[in-house]
Amino acid sequence: DLSTVVEKFGDPKDAAGKKRILIAYNTKNGCSVDMGLKIRDVLMQHGYVADLRYIPNIFNDDISDYDGYIVGGAIYWSMFMRETREFLAKNIEIFKAKPTALYMACGKMCNEFAPKLTGDEAKWRRLSLDYLEPMFGTMPDLKPNLIDIGTFAGNIYFKYMNLPEFMMMGLQMFRTGLKQGTYQDLDKVAKWANEIAPKFSK
């Protein structure tokens, strides 16, 4: 949803002696933006200069001057969106050489709140991570070099869906008892960002 695209830049005047982190995201319905903003806030609290950028806007840019990277976005049709996958592949040598983490906004993580399902958050995290395995198969050097992968519940709203998406998600919601709504928990995003932040200073 382009109406939700946000980009934020660190202040160059405040950059002396600080490491610069790029948070590059893609989005389907906007929740990846909220997560990216929260991650940026946490990194800045840890003393980094953090830029939040929308992947289609920087796809052809040289990003090699950053000291670390966090790449994320929506899981769409059981995978990262196309531009996200291509961005990772295009810059694979950079991500292998410098601290890099991934994060995802994933409907599978919403199942923790589904009335008709059982299972803890760790179960849905394992199943969510499975969505990335085909991508890692095409980039075998990426996964072993990652700091971590954040898996977070997203939003479910029919207004963002085309007909095939509506039919697929409607069936899933019927089976699970999920309703439309916001399932993202920015406190969990902040907790994850606080956990990985020290790893960018090494």
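Strand β4, spanning residues 100-106, is mostly covered, with seven of its seven residues buried. The model described here is predicted. In this model β4 pairs with strand β3 and with strand β5, and β4 also supplies at least two residues of the lining of the largest pocket. The second largest pocket draws the largest share of its lining from β5.

**Burial of β4**

- In a regular strand the side chains alternate between the two faces of the sheet.
- On one side of β4, Thr100, Leu102, Met104 and Cys106 are all buried.

**Strand pairing**

- Strand β3, residues 68-74, pairs with β4 in the parallel sense, and six bridges connect the two.
- Strand β5, residues 146-153, runs parallel to β4 and is joined to it by six bridges.

**Largest pocket**

- The volume of the largest pocket is about 590 Å³.
- Its lining comprises 26 residues, and those nearest the centre of the pocket are Ile75, Trp77, Gly107, Met168 and Met169.
- At least two lining residues come from each of β4, β6 (155-156) and α7 (163-176).
- Helix α7 gives the largest share of this lining, namely four residues.
- Classified by type, the lining of the largest pocket contains 16 nonpolar, seven polar and three charged residues.

**Second largest pocket**

- The second largest pocket holds about 190 Å³ of space.
- Two or more residues of its lining are given by each of α5 (121-129), β5 and α8 (186-196).
- The residues that line this pocket include Glu121, Arg125, Asp148, Lys188, Lys191 and Glu195.
- Strand β5 provides the largest share of the lining of the second largest pocket, five residues.
- This lining divides into three nonpolar, two polar and six charged residues.

Notes:
Residues numbered from 1 in each chain as written. Predicted model: local features only at pLDDT ≥ 70, side-chain atom pairs only at ≥ 80, totals over all residues. Heavy atoms only, no water. Buried < 20%, exposed > 50% of the residue type's maximum accessible area, 1.4 Å probe, protein only. Pairing = 2+ DSSP bridges. 1 Å grid on protein atoms, 1.4 Å probe; cavity = no way out; pocket = protein on both sides within 12 Å on 5 of 7 lines; lining within 4 Å. Points joined across faces, edges and corners; volume = space filled by probe spheres on them. Nonpolar A, V, L, I, M, F, W, Y, C, P; charged D, E, K, R; others polar.
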